[in-house]
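Thanks for coming, everyone. Please bring up the model on your screens, and we will walk through it together.

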Amino acid sequence: MFSPFVLMAQTKFGYFSYKAVLDSLPQYQVAMEDYDKLKQRCLKEVDYNEQELTRFYVAFLDGQRDFPEPILRKRQKELQQMIDNSIVFRDQLKRWLRHAKDSLSQSSYQLIDSALPRVCEELSLTYIIDTDNGGYKYINPMCGENITADVISAILRPELPLRNIVECAEVATDSIGVVATDTIPYCIIPAVRKELFDSLKVQ
């Protein structure tokens, strides 16, 4: 009768903020800097096109009373074409920017996804949930454990596996015995690929 409650009590899970982990990664910060540069270039291009459209529209308003009927229709058609092209251009830039952000962030996503199983095993957790979507208003600390800091640590300061004791030990001739060398933690900071940045240059 009480077995489901006993099982629930024995089950422990981890929860973390995906965004908090992302923001802590140096490579993600570099990726977002590259993305911001690309976004600024796109915004400048949009601003230039809209200024051209405004100038054409003002010139059309100033001269429409004096235009012959064929010229007026031609200018109207050109103005409508510029408006349509501007809308298409803005939509294309939005898609390019979304794709650029996802591509530049991909390596950071992979680091987090690869760290989660290791943290889960090390802390003997049953599963891990992401709390960023706001679906969890309260988590009982007796059942759930905040592992945000553990995930960040697993990515930025992964522990090196111990070498074979025979390979890394100093064999002493006295009674001291075997002394193992220390392992040194290191940081993983992979370079962000920038090919996409060049491929998305606005013509």
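Let's start with one pair. Phe16 has Asp130 as its bridge partner in strand β2. Keep in mind that this is a predicted model.

Now widen the view. Strand β2 covers residues 128-130. Three bridges link β2 to β1, and the pairing is parallel.

Which strand else does β1 join? That is β3, residues 144-146. Again there are three bridges, and again the two strands run parallel. One of the pairs here is Phe13 with Gly144 in β3.

Next, look at β1 itself, residues 13-16. Which way do its residues point? Phe13 and Tyr15 point one way, while Gly14 and Phe16 point the other way. In a regular strand, side chains alternate between the two faces of the sheet. Are the four residues of β1 buried or exposed? All of them are buried. Here, buried means under 20% relative accessible area.

Let's step back to the whole protein. How many helices and strands does the protein have? There are seven helices and five strands. Follow the chain from the N terminus, and the order reads α-β-α-α-α-β-β-α-α-β-β-α.

Now burial overall. The protein has 203 residues, and 27% of them are buried. The exposed surface comes to about 14,700 Å², with carbon and sulfur atoms supplying 55% of that area.

Definitions and conventions
Residues numbered from 1 in each chain as written. Predicted model: local features only at pLDDT ≥ 70, side-chain atom pairs only at ≥ 80, totals over all residues. Heavy atoms only, no water. Buried < 20%, exposed > 50% of the residue type's maximum accessible area, 1.4 Å probe, protein only. Pairing = 2+ DSSP bridges. Areas by Shrake-Rupley, 256 points an atom, 1.4 Å probe, with all protein chains shown as cover.
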